[in-house]
Amino acid sequence: MKETVLSGMRSTGKLHLGNYFGAAVNYVKMQHEYDCYFFIADYHSLTTHPNPTELKHHVREMLATYLAVGLDPEVCTLYVQSDIPEIPELYLLLNMIAYKGELEKTASFKDKVRKAGQTINAGLLTYPVLMAADIIIHRAHKVPVGKDQEQHLEMTRNYVNRFNRLYEKEVFPEPVAFNFGDQLVKVPGLDGGGKMGKSEGEGNAVFLLDDEKINSKKIMRAKTDSGPTEPNSEKPVEIQNLFDIMQLVSTEETITTFNNAYNDCSIRYGDLKKQLAADVEQFIAPIRDKAKSIYDNETYLKEVMQHGAEKARINARITMDMVRDAIGINY
Ligand code: ADP
Ligand code: TRP
């Protein structure tokens with residue numbers, strides 16, 4: 001039997017090139033090798049973004065983007081979290097074995113408290129419990145997560161072990177973090193710093209659904225220096241970053257041309273950025289067009305959501321039967 005892989009995407013933003021190369025591309029491949037559950041975590045986004053119009057727009061936009069990049073609802077199970085009532089049911093039950101002190105010590109929660117620009121609601125405190133429910137409702141084995149989510153996964157394993165021990169039954173397997181393939185891609189941002197990310201500030205990330213003008217402008221403004229002064233010198237980080245992005249979207253020939261120009265000090269960063277912007281656009285345009293046409297097809301999106309929810313609920317009900325049985329809610 002195939003192992004179960006599960007991944008949740010928060011519905012608070014659009015996908016950037018980092019999400020695409022670091023996650024989406026792998027999801028598309030994984031769906032053929034594992035029993036995959038991919039869902040949009042709309043409940044989670046309510047902890048910080050309770051705006052009905054935006055919520056609806058973001059959920060549809062995320063779904064359309066994932067379909068556009070190649071997730072196949074006939075191959076994987078693609079659904080929206082709030083369509084599965086078994087998730088909040090399991091979340092409630094898990095809250096009985098989640099300790100308040102442990103939740104208060106979670107790094108992501110402490111970070112929210114520190115920033116405290118917003119009200120600290122109980123949803124934020126129990127964010128990891130809901131995430132655990134997402135994962136174990138499908139008795140998932142593998143969860144592709146970035147570093148920032150590892151602690152949440154660790155807490156999921158705590159709940160799994162606590163539950164299995166308390167009720168003396170192996171209801172849930174212990175889920176582990178998962179990297180698909182051996183090469184971890186890190187897409188750098190445009191600000192000369194670390195990786196591309198949606199919370200790294202305006203201008204750092206190139207979004208798949210933004211139009212050419214916006215993306216080109218960001219790329220033309222990317223950080224550079226005054227240029228190499230010695231032949232064959234090492235590239236500073238911000239320049240290497242642009243070359244790294246080029247590696248993902250440009251042809252070998254283009255990369256060689258600019259590399260040679262860098263090495264003989266004849267490079268003009270304006271030309272490099274112009275070329276990069278053109279290549280990014282060529283790469284993104286078909287994805288954006290497809291996602292936009294799917295977004296506009298409300299009937300199709302609803303069908304996908306309904307189909308995904310039906311498939312996900314079949315498995316979720318099996319879990320809840322086991323859970324209710326173990327707990328004794330089976331009068
Ligand atoms: P963001 O940085 O936009 O907040 P998330 O942290 O929500 O993105 O990450 C969603 C997924 O995309 C994760 O699997 C993460 O590893 C991947 N990812 C995000 N940014 C990058 C990047 N710059 N390079 C590679 N993968 C990335
Ligand atoms: N917390 C995850 C994030 O911020 C999103 C998420 C919610 C998730 N439930 C999940 C990820 C379950 C993996 C498994 O990116």
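Which atom of ligand 1 does a polar side-chain atom of histidine 16 lie 2.7 Å from? An oxygen atom of ligand 1. Before going on, note that this is a predicted model, where local features need pLDDT of at least 70, side-chain atom pairs count only at pLDDT 80 or more, and totals for chains, interfaces and linings use all residues. Residues are numbered from 1 along each chain as its sequence is written, chains are lettered from A and ligands numbered from 1 in the order written, and side-chain values use heavy atoms, with hydrogens and water left out.

Around ligand 1 sit 14 residues (a heavy atom within 4 Å), and the closest are His16, Asn19, Val187, Met196 and Lys198. Here are some polar contacts, meaning pairs of N or O atoms within 3.5 Å:

| Residue | Atom in residue | Atom in ligand 1 | Distance |
|---|---|---|---|
| Histidine 16 | polar side-chain atom | oxygen | 2.7 Å |
| Glycine 18 | backbone N or O | nitrogen | 3.2 Å |
| Asparagine 19 | side-chain N or O | oxygen | 3.1 Å |

Now the helices (DSSP runs of H or I, at least four residues, numbered from the N terminus). The axes (lines fitted to C-alpha atoms over the stretch in contact, with angles from 0 to 180 degrees between N-to-C directions) of H8 (residues 127-136) and H9 (residues 150-166) come within 9 Å and cross at roughly 70°. H8 and H9 are therefore roughly perpendicular (65 to 115 degrees). For H12 (residues 252-263) and H13 (residues 269-296), the axes come within 11 Å and cross at roughly 165°. That pair is therefore roughly antiparallel (over 145 degrees).

Note on methods:
Helices (H or I, at least four residues) and strands (E, at least two) are DSSP runs, numbered from the N terminus. Angles under 35 degrees count as roughly parallel, over 145 as roughly antiparallel, 65 to 115 as roughly perpendicular and the rest as oblique. A polar contact is a pair of N or O atoms within 3.5 Å; within protein, one must be able to donate a hydrogen and the other to accept it, and residues adjacent in sequence count only if both atoms are side-chain atoms.
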